[in-house]
Amino acid sequence: MTDALTPPHPNARPPAPVSVPAPLPVSRLRRLGGALVFVVVAALFGAAVYGVAFRAQLDQAAARGRSDLALASDRLTTGLQRYRELAVFLADHPTTLSTILEGGNARSQIEAADALLLGMADKTGAHSITIVSRKGYVLADTGDAVRMPAGVNVAFGRALNGALGVAHFVDEAQRRRFVIAAPVFYPGGASRGAVLVSVDVGLLEWSWPTDPSAIYFTDDKGVAFVANRGELVMRTQDGSGDTGFPVTGTRRIGGYEVFDLDAGPYIPARALHLTQALPVIELTGELLMDLAPVRAMARLQAGFATALFLTFGAFAWVAMERRRTLAEANSRLEARVAKRTQALEAANRDLQREVAEREEAEARLKRAQADLVQAGKLSALGEMSAGISHELNQPLMAIRSFAENAQAFLERDRADKAGENLGRISELARRMGRIIKNLRAFARQENEAVTDVDLNGVVEAALEMMQAKISKSGVQTDWIAGPPAVVRGGEVRLQQVVMNLVSNAVDAMADVAEGAPKRLTLRIGPAQETGAETGAEFVRLTVSDTGAGINDPEKMFDPFYTTKEVGAAQGMGLGLSISYGLIQSFGGRIKGANRPGSEGGGATFTIELARAGRNREAAQQ
């Protein structure tokens, strides 16, 4: 044995280290503790839900049980009611009264009473019917006279006192009998006897439908005299053994009485006990409702609630974990976002500067377009100046001539002729005023929004201002104003478009061969198509000529495209481009095409504008 102070041998192995399990991290222990607490709370929550659900289901079961018991009670009392009515009917029958008064001395009277009772028993299903005198003698019966046990004697005594008597008993054949005694009154006197109607209770039970709950009716001694379960018939609640009621325990839950029973497979082991008094037949209705469905439903609700509790708790835990993870990721992202924000701010400033430049360029473009429109109008006015001066000069010369003639007529006292000349002077002045009004409206810059415009008036105003050029070129105008065609647009801008198309048509027919027709045709009518998106209706204006047509229809709306000679004074090829932009701003369409040679050649321009009123209704719909 080596001493404790002896040094170890130089070649001896060092002792093996003892493995000690590493302690669990604090965070993991906290998680396990939290999970255990959560499970305990979930179990307590499930137990509370089970208690609440069981009480609620018990209340619903009690309500259904009371309804079933009331229905069964009505079924029993209704079944016995016809025998009560039978007893009262026979008590008032003349044959019964005669039998009572005769005292059974007349054999023919007894035979008639027996026949009456047998017939009634056969018709109603009564077990037996008996006529009994006041002294208790049987005067007539159906062959099975009712014995007089104690209960029947009490019912008979009540009948002799003038009231209906009810009793029940078990006869020698162990058949349960229900007896109803009705008094037989002497005319103007007291009761002289009674009619006893006996009913076999077993026959009543066989006619009942099957009930899910056990229902039975007990008397004042606690004996189940009527029942829908054979195991309960003639059982006594206060007895024991085979005659005792199979109750092994009683408790009260939520104000309700609950029985623990042991009575075979057709009686529930634990049942809700309900009662209802039936004083008319001197019985008490009782019901035993199985509580197994109530407990199953309460367990189901408690399990469902606990599962939801656990599910939401798990989701909450996952959400907390994700929140912690997201918080860590958010802190990392904030640094990256700060770096990107600087770059985005710089890019945003560049975009804002570019947007401002684009908006400024768009404003300049709109101003240039407006200037071009105004320049086109002024150019058209310059072209029309010679014709307009001619249009104004002719009425002025005519006014001077008519004025001189009117003066001469007045000197000759011919006032009627002078009045005619003055009327012509007024008409010419109105014509000059209309021309000047159209020129002033055409020359001004229109800044109003799109409104309702009569297209017929626009065409007539444009033709009136272009009349000098049309007449000078020898062009025939084919235009008849139709019914009002109100469209959406600007009146002055539409006049400019129509005047541009009319001017182009007149210029296109300048080089037509001598003798060839020069015809300008204008028509207004409904368009064949409607707006695909809004469903609005369109009005179509067509301007046709018999000129040389368009060389390149695909480019006719391009700026600076023209079919006129280079350097000609008629324009620079901006008229159709400006017209295209104006019609587009009204939400309309403009197109042009060459006419076939069979129709005289030339070109046709079509303008389609949304009809006013119908367009707004379609937009609202």
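# Briefing on sheets, helices and surface of a predicted model

Helices (H or I, at least four residues) and strands (E, at least two) are DSSP runs, numbered from the N terminus. This is a predicted model, in which local features need pLDDT of at least 70, side-chain atom pairs count only at pLDDT 80 or more, and totals for chains, interfaces and linings use all residues. Residues are numbered from 1 along each chain as its sequence is written, and side-chain values use heavy atoms, with hydrogens and water left out.

**Helix H11**

- Helix H11 covers residues 575-585, and Leu576, Ile578, Ser579, Leu582 and Ile583 are buried in it. Here, buried means under 20% relative accessible area, exposed means over 50%, and partly exposed lies in between (1.4 Å probe, protein chains only).
- The buried residues of H11 line one face of the helix, because they fall within an arc of 160° when seen down its axis. The arc is that of the directions from the helix axis to the C-beta atoms.

**The six-stranded sheet**

- Six strands form an open sheet in the order S7-S6-S11-S10-S9-S8, and their pairing is antiparallel. Two strands pair if DSSP finds at least two bridges between them.
- Strand S7 (224-227) and strand S8 (247-253) are the edge strands, each pairing on one side only.
- From one strand to the next, the twist averages 30°. For such angles, axes are lines fitted to C-alpha atoms (for helices, over the stretch in contact), and angles run from 0 to 180 degrees between N-to-C directions.
- Within this sheet, five bridges join strand S6 (residues 214-218) to strand S11 (residues 283-290) in the antiparallel sense. Thr218 has Thr284 in S11 as its bridge partner.

**Two loops with positive phi**

- Met234 lies in the loop between S7 and S8. Although Met234 is not a glycine, its phi is positive, at about 65°.
- With a relative accessible area of 33%, Met234 is partly exposed.
- Glu282 is placed in the loop between strand S10 (270-278) and S11. Glu282 is not a glycine either, yet it has a positive phi of about 60°.
- Glu282 counts as partly exposed because its relative accessibility is 41%.

**The five-stranded sheet**

- Strands pair through backbone hydrogen bonds, either parallel or antiparallel.
- An open sheet of five strands has the order S13-S15-S16-S18-S17, with mixed pairing.
- Its edge strands, each of which pairs on one side only, are strand S13 (476-478) and strand S17 (589-594).
- The twist in this sheet averages 15° from one strand to the next.
- S13 and strand S15 (residues 519-526) run parallel and are joined by three bridges. In S15, Leu520 is the bridge partner of Thr477, and Thr521 is the bridge partner of Asp478.
- S15 also pairs with strand S16 (residues 538-544), in the antiparallel sense and over six bridges. Opposite Leu522 stands Val543 in S16.

**Helix H6 and the surface**

- A nonpolar patch on the surface is formed by Phe304, Leu308, Phe312 and Phe315, which together have about 470 Å² of accessible area. Patches are made of residues with over 30% relative accessible area and no salt bridge, where like charges are joined within 9 Å and nonpolar side chains (Val, Leu, Ile, Met, Phe, Trp, Tyr) within 5 Å.
- A salt bridge is a side-chain nitrogen of Lys or Arg within 4 Å of a carboxyl oxygen of Asp or Glu. Accessible areas come from the Shrake-Rupley method with a 1.4 Å probe, and for residues only the protein chains shown count as cover.
- Phe312 belongs to helix H6 (residues 292-411). Phe312 counts as exposed because its relative accessibility is 58%.
- Ala307 is also placed in helix H6. With a relative accessible area of 37%, Ala307 is partly exposed.
- Ala307 and Gly46 are 261 residues apart along the chain, and their C-alpha atoms are separated by 8.9 Å.

- Leu196 is located in strand S5 (residues 191-200). At 1% relative accessibility, Leu196 counts as buried.
- From C-alpha to C-alpha, Leu196 and Arg84 are 9.7 Å apart in space, while 112 residues separate their places in sequence.
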